[in-house]
Amino acid sequence: MVHPSSDHRIAVIDIGSNSVRLVVYAGNSRFPAVSFNEKVLCGLGRTVAETGLLDGKAVTEALETLERFAILIKQMRIQDIRPVATAAVRDAQNGREFIKSVEHRSGFKIRILSGQEEARYSAMGVLAGLPEADGLVGDMGGGSMELIHISKGRINENVSLPLGPFLLAEHNKKGKRELVARIDEIIQDVPWGLVGRDRDFYSVGGAWRAIARLHIEQTQYPLHILHNYSIPRDDVIALCDVVSGLSPASLARLPGIAAKRAETLPIAATVLHRIFTIIRPRRLVVSALGLREGILYDSMSRTVKNRDPLLEACHEIAALSGRFPEHANALLQWIDPLFIGEPLPDRRVRLAICMLSDVAWRGHPDYRAEKVLMEVLYGRFGGIDHRGSVLMALSLYVCYGGSLGHAEIAEIERLLPPEDIERVKLIGLALRLAQRFSGGTSSALKLGRLVLDQDVLTLRLKPAAHSLGGEVVLRRLESVARALGRRAAIIDE
């Protein structure tokens, strides 16, 4: 299925029960960048439960969409193409006939995934972006819901359940009580389902992402990033209670909800409500990665899988945009004396910040701080939560001369506790000093070292390096010292 590609791009085509999507990934690295992403809500599985057949109008739309994808892939000269189909095609009587039409018109060789394969790939996608994930993965599609138990990076029990909104539509027509009874029956029939109690529930799929987006709007959360966004159990139940009672027309009027998505959202909300009522996970965590990323992750070598997705992504960005991408570890170690007793997870985030500390230099000097803030805050990173993303973005904002406390960034700052704000300021000012002192070179950093004691932050210079401690360096050293409540001094060793 994998073919060598001169441009190292991979096209994944996902023919789902509700949507047909093409995503092009820029290579098979640990956390590959997305270079193209297009989705069409065709609704292939809308009529499968009632008639046993794929929806006729949806088939026409899907075939046209897939022909378009074939042309684009050809123009992009992509050789590595991985097309898959899921529940609707798997279950429909005319599913194989549809696939033959797709293969004839597009030239793709489509792989129809089993329910178990679909569940496994969905879980792998979650682990690709959240390596520490522990609990249950739920992937809500139009024709099925995959439920997977994951722990310590491993996929354990998994099952594909008939809980897709299209399959539940007939029960919904009979009333809310009938719908809830059917959902409860299916959930309670999973013998290992309660392993998710008081653990995280990782949601995959557009319907549940739409519900999370509503929570972001409702709570006026300032960071509109869905990946790794979390919602406490009681909030999930309360929000789903409201959404499940709204009509599709009412939901379509809400910001960010497409009319076609609104058709299935009340049922999707009811399923999520019953999961959180019966299994009682501690919170919902949104995963923007799922089946498609799982397909990529599955083909990676163990060596690549074991790499840190955050650090690898930062390294790739630095290699493309920075002047001195190899400088990060030297920077980290040079400012280490300012962070004694730092927990290892926070040091990892600080290393990521060091990797990105030179990526905005091409921007206009007056707007570099704003540029790096937006690019990092809204960048595509794996292996990091929202706190970490904000720490990275604000630290780099300070590194490039931005000042904390301005009205323009107050909403972002409020996502961090006071101790993290102090940490942001210290990291940014320390990197600002290091970059000015060294001119961005690792060799120059070796000509001086920081020493922190009870009263003074000292920059100690090697012999013959006295001139590196000029007025600009002293001013930046003083800024770092003030942040630590110390005096500043530069001395020759």
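How far apart are the mean positions of the positive and negative charges of the chain? The mean positions of its 63 positive and 57 negative charges lie 2 Å apart. Here Lys and Arg count as positive and Asp and Glu as negative, while His and the chain ends are not counted. Each charge is placed at NZ of Lys, CZ of Arg, CG of Asp or CD of Glu.

A word on the model before we go on. This is a predicted model, in which local features need pLDDT of at least 70 and side-chain atom pairs count only at pLDDT 80 or more, while totals for chains, interfaces and linings use all residues. Residues are numbered from 1 along each chain as its sequence is written, and side-chain values use heavy atoms, with hydrogens and water left out.

**Confidence**

The chain averages a pLDDT (the predictor's confidence in each residue, from 0 to 100) of 93, and 98% of the residues score at least 70. Residues 1–6 stay under 50 in pLDDT, and the model gives them twelve contacts beyond four places in sequence. A contact means heavy atoms within 4.5 Å.

**The whole chain**

The chain holds 22 helices and 14 strands. These are DSSP runs numbered from the N terminus: helices are H or I with at least four residues, strands E with at least two. With a radius of gyration of 26 Å, close to the 23 Å that the globule rule gives for 493 residues, the chain is as compact as a globular protein of that length. That radius is taken over C-alpha atoms, and the rule is 2.2 Å times the number of residues to the power 0.38. Along its principal axes, the C-alpha trace spans about 85 × 50 × 40 Å.

Of the 493 residues, 55% count as buried; buried means under 20% relative accessible area, exposed over 50%, and partly exposed in between (1.4 Å probe, protein chains only). Among contacts with a separation of 6 or more, 69% join residues 24 or more positions apart.

**Two residues to look at**

| Residue | Helix | Relative accessibility |
|---|---|---|
| Glu118 | H5 (residues 115–129) | 6% |
| Arg368 | H17 (residues 368–377) | 25% |

Glu118 is buried. Leaving aside neighbours within four places in sequence, Glu118 is in contact with Thr86, Ala87, Arg90, Leu113, Ser144, Glu146 and Leu291.

Arg368 counts as partly exposed. Not counting residues up to four places away in sequence, Arg368 touches Ala360, Trp361, Gly363 and Tyr400. From C-alpha to C-alpha, Arg368 and Asp385 are 24 Å apart in space, and 17 residues separate them in sequence.
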